[in-house]
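These are notes from a reading of the model, set down as numbered points for a colleague who has the coordinates open.

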Amino acid sequence: MSCYNRNTAQYRALQEKYTNPMIVDSIIDKWQSTSKSDEIPTIVQVDKFIGQQQVAYNLKKRSYKENQLLYLQLQSLLE
């Protein structure tokens with residue numbers, strides 16, 4: 001995790017929305033590593049990023065659940 005300039009408009013806007021500096025720093029860090037950028041994201045960029053992360057998580061979760069059901073069906077444990 002890097003040190004971010006907490007005086008920038010983007011950081012202050014994120015701080016206002018998420019209140020906890022540790023959360024803001026972790027959001028910025030994850031966004032920067034995913035987008036391969038050194039910029040501090042805007043609220044719109046963060047909202048879009050979080051939405052995409054939630055969709056990806058839900059797809060993984062559903063896929064895992066479906067795989068488990070298929071495995072049980074193949075093992076004749078579930079009808």
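This is a predicted model: local features need pLDDT of at least 70, side-chain atom pairs count only at pLDDT 80 or more; totals for chains, interfaces and linings use all residues.

1. Since the points below sort residues by burial, the cut-off comes at the start: a residue is called exposed over 50% relative accessible area, buried under 20%, and partly exposed in between.

2. On helix 1, the face turned away from the buried side carries the exposed residues Ala9, Arg12 and Glu16. The buried residues of this helix are Tyr11, Leu14 and Tyr18. These three cover an arc of only 65 degrees around the axis, which places them on the same side of helix 1.

3. What does the length of helix 2, residues 21–35, look like against expectation? At 1.5 Å a residue its 15 residues should span 21 Å, and the C-alpha atoms at its ends are 21 Å apart, so the two values agree.

4. Helix 2 has its own set of buried residues, namely Val24, Asp25, Ile27, Ile28, Trp31 and Gln32. They cover an arc of only 160 degrees around the axis, and therefore lie on the same side of helix 2. The cover over these residues includes helix 1, residues 9–18, and helix 3, residues 43–74.

5. At what angle do helix 2 and helix 3 pack? The angle is about 75 degrees, and the axes are 11 Å apart; because angles of 65 to 115 degrees count as roughly perpendicular, that is how the pair of helix 2 and helix 3 is described. The contact is made by Ile27, Lys30, Trp31 and Thr34 on the side of helix 2, and by Gln45, Val46, Phe49, Ile50 and Gln53 on the side of helix 3.

6. Helix 1 packs against helix 3 at an angle of about 55 degrees, with the axes 9 Å apart, and these two helices are therefore oblique to each other. In this pairing Ala13, Leu14, Lys17 and Tyr18 of helix 1 meet Ile43, Val46, Asp47 and Ile50 of helix 3.

7. The loop between helix 1 and helix 2 holds Thr19, which comes just after helix 1 and takes a positive phi of about 60 degrees. Thr19 has a relative accessible area of 57% and so is exposed. At the start of helix 2, a side-chain oxygen of Asn20 comes to within 2.9 Å of the backbone nitrogen of Met22.

8. Lys36 takes a positive phi as well, of about 55 degrees, although it is not a glycine. Lys36 is placed in the loop between helix 2 and helix 3, just after helix 2, and with 76% relative accessibility it counts as exposed.

9. A polar atom of the Gln32 side chain lies 2.8 Å from the backbone oxygen of Glu39. Leaving out residues up to four places away in sequence, Gln32 touches Tyr4, Ser37, Asp38, Glu39 and Ile40.

10. Pro21 belongs to helix 2 and, at 28% relative accessibility, counts as partly exposed. With residues up to four places away in sequence set aside, Pro21 touches Arg6, Tyr11 and Gln15. The C-alpha atoms of Pro21 and Tyr11 are 9.3 Å apart, and the two residues are 10 residues apart in sequence.

11. Lys65 is a residue of helix 3, and its relative accessibility of 55% makes it exposed. From Gln15 it is separated by 50 residues in sequence and by 36 Å in space, taken from C-alpha to C-alpha.

Methods
Residues are numbered from 1 along each chain as its sequence is written. Side-chain values use heavy atoms; hydrogens and water are left out. Helices (H or I, at least four residues) and strands (E, at least two) are DSSP runs, numbered from the N terminus. The expected span of a helix is 1.5 Å times one less than its number of residues. Buried means under 20% relative accessible area, exposed over 50%, partly exposed in between (1.4 Å probe, protein chains only). The arc is that of the directions from the helix axis to the C-beta atoms. Contact means heavy atoms within 4.5 Å. A polar contact is a pair of N or O atoms within 3.5 Å; within protein, one must be able to donate a hydrogen and the other to accept it, and residues adjacent in sequence count only if both atoms are side-chain atoms. Axes are lines fitted to C-alpha atoms, for helices over the stretch in contact, and angles run from 0 to 180 degrees between N-to-C directions. Angles under 35 degrees count as roughly parallel, over 145 as roughly antiparallel, 65 to 115 as roughly perpendicular and the rest as oblique.
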